[in-house]
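Please have the chain in view.

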Amino acid sequence: MEWILKTKGIINHYNEKIHTGTQPIRILNHMNVYMFTNTHPDFATELETTIDENKISKTININYGETKINRTPYIKNDDRAIHLDETFLSYLWCVCHSIYTIYIQEIDFPKSNAKIGHEHYKLDGEILAKAYQLFDYAKSLIVVFTKWDVENLPNPEIYLAENRNYIEQPNGFYTEAIKFILCHEYTHAIKHIDKVNAGVYENSHFIEFEKEADFDAIELMKKGIFPNKINELYVQIGITIGILSMFFFKAKTNGTRHPNTEDRLVTALEQLNLDVNAPSWGLALIGLRLWSDQFELNLKIDEKLDDKDAFYHLIKQIKDMNA
Ligand SMILES: [Zn+2]
């Protein structure tokens, strides 16, 4: 565990004996399961009972392979097994890194430096440029698979100790985002699949199921916030980026079986009872701006407003666009 104390030089987490897969995201696969199982203090015990009672598959299946994202995470209705594409996992980590780094470099550090009166927090053009490059890589995985350029781009497997904050913070958000996805699918497994299998359901029912899956997932995760709140930011940011990551697949936010993505985002942020200064508002602004640029939607962030008000102002523009 000497890497924990390292301040200089290369950190490489790969161990061929324990890490399956070919993409650098492989080093976090075990952590995902551990974090999910420990969503809150009683969850491991709850899982043992519910897995049995609801005949949920005990394994979380990763579809390994160097292919584009074939499917976003899902649970099968017959064997109740959750499936995640390895490439989707890579995509999600890249989105976590990019949105966080762009937020830190473009919103958070400049704001803090202005308050202090000098550049206490280092603005780093190269780190920022690479965050944009990594975001481009993430989007490219939706269309075609190419290998992650681990020599030149940030990744969780091999990196410089000097830049560890820009890797290890996103690791924390990523595992919470995965936890949100797994808790969402878990809710489908225990509450919805029987109903779906039993009969014909209208699309409106599916939308209700989706809302309930998001709601229960967030409640499960809120239950896991420690009394000293040491993990609260990770939970909040993981959920925020987890939902933001759904935007970059298409220009439209509406679906027949899912609530509109902007509604899922608003509902989640409100359910988290965020403080007006919580980073999630600014992170959401960055995510929605990247989406607007991607599809040339021309959304305008009002710089005069604080992040929370600017967020609601953006949401209104998305609503008007959909109307
Ligand atoms: Zn769902």
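A salt bridge here is a side-chain nitrogen of Lys or Arg within 4 Å of a carboxyl oxygen of Asp or Glu. This is a predicted model: local features need pLDDT of at least 70, side-chain atom pairs count only at pLDDT 80 or more, and totals for chains, interfaces and linings use all residues. Residues are numbered from 1 along each chain as its sequence is written, and side-chain values use heavy atoms, with hydrogens and water left out.

Q: Which residue forms a salt bridge with E212?
A: The closest N and O atoms of the pair are 3.5 Å apart. E212 lies in helix α6 (residues 203-223) and its partner in helix α5 (residues 165-198), so the pair ties together parts 21 residues apart in sequence. Helices are DSSP runs of H or I, at least four residues, and strands are runs of E, at least two, numbered from the N terminus. The partner is K191.

Q: Is E262 buried or exposed?
A: E262 meets K319 in a salt bridge at 3.0 Å, N to O. K319 is partly exposed at 32%. Buried means under 20% relative accessible area, exposed over 50%, partly exposed in between (1.4 Å probe, protein chains only). At 0% relative accessibility, E262 counts as buried.
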